[in-house]
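Subject: Structure handover and notes

Hello,

Please find the structure below, with my notes after it. Could you read them against the coordinates when you have time?

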Amino acid sequence: MTTTPVRVPLVQPGTRPELAEIESRIMAQRGRVSLLYQVLLNSGPIASGWERMLTAVRNQTGVPADLRELMILRVAVLNGASFEYDAHVPHAQKAGVSAEKIDAVRQEALSGVFAPLERLVLELTDAMTREIVVPEELMSRIQQHFDPKGVVEIVATVAAYNMVSRLLVALNVAH
């Protein structure tokens, strides 16, 4: 299998002094400057804003880790972002998501393996990713399970990871 190279140069950490502060923040939050951040560092302001937003989405909301990781995996599958899927499988496992559910997010239709709340959140993920517009009936069911803060955080998680996966796919970021 041949892979197309990443469409922008990778910025090696420590090679651009003006990026030292953002590289330090990335290291503090993530423990390393991943391939994704080596791409993003081509624009200091984008890398900085990205790091802050995705840190908030991943680490500073009330979204349970297992639901968050299921949403992220599903977005990655729907958008063909294998890099994102592979990167988040370990996070999903750490959050207690079973191998059966991790495999099930790869299927076209949502499986019966998911608990009702997981299925509901994945329905939202599918609607936001595939159709963009969320039907009123689906949003009403989401609002029955989450307060306004939770609704914003769930929707922002799906939206943020659509952004991530679409950047990865557009720039050919892959393993």
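A residue is called buried when its relative accessible area is under 20%, exposed when it is over 50%, and partly exposed in between, with a 1.4 Å probe and protein chains only. The model is predicted, so local features need a pLDDT of at least 70 and side-chain atom pairs count only at pLDDT 80 or more, while totals for chains, interfaces and linings use all residues. Residues are numbered from 1 along each chain as its sequence is written, and side-chain values use heavy atoms, leaving out hydrogens and water.

Overall fold

The chain has 9 helices and 0 strands; both are DSSP runs numbered from the N terminus, helices being H or I with at least four residues and strands E with at least two. The C-alpha trace spans about 50 × 40 × 30 Å along its principal axes. The radius of gyration, taken over C-alpha atoms, is compared with a globule rule of 2.2 Å times the number of residues to the power 0.38. For 175 residues a compact globule would come near 16 Å, and the chain has 17 Å, which agrees.

Of the 175 residues, 44% count as buried. A contact means heavy atoms within 4.5 Å. Among contacts with a separation of 6 or more, 64% are between residues 24 or more positions apart. The chain exposes about 9,000 Å², with 56% of it supplied by carbon and sulfur atoms; areas come from the Shrake-Rupley method with a 1.4 Å probe, and for residues only the protein chains shown count as cover.

The expected span of a helix is 1.5 Å times one less than its number of residues. Helix H3 (residues 44–59) has 16 residues and should span 22 Å, and its end C-alpha atoms are 22 Å apart, which agrees. Its buried residues include Trp50, Glu51, Leu54 and Arg58. They pack against helices H1 (20–30), H2 (35–40), H4 (65–79), H5 (82–94) and H9 (148–170).

H4 has 15 residues and reaches 21 Å from first to last C-alpha, close to the 21 Å expected. H4 is mostly covered, with 11 of its 15 residues buried; among them are Leu67, Glu69, Met71 and Asn79. The cover includes H3, H5, H6 (99–104), H7 (116–131) and H9. Glycine 80, with a positive phi near 70°, follows H4.

Arginine 74 lies in H4 and counts as buried, at 0% relative accessibility. Leaving aside residues up to four places away in sequence, arginine 74 touches Ala104, Val105, Gln107, Glu108, Leu110, Leu122, Thr125, Asp126 and Arg130.

Positive phi outside glycine

Isoleucine 132 is not a glycine but has a positive phi of about 75°. It sits in the loop between H7 and H8 (136–145) and is exposed, with a relative accessible area of 54%. Asparagine 172, also not a glycine, has a positive phi of about 60°. Asparagine 172 is in the segment after H9 and is buried, at 19% relative accessible area.

Rings

The charged end of arginine 106 sits over the ring of tyrosine 85, 4.4 Å from its centre; this requires NZ of Lys or CZ of Arg within 6 Å of the ring centre and within 35 degrees of the ring normal.

Regards
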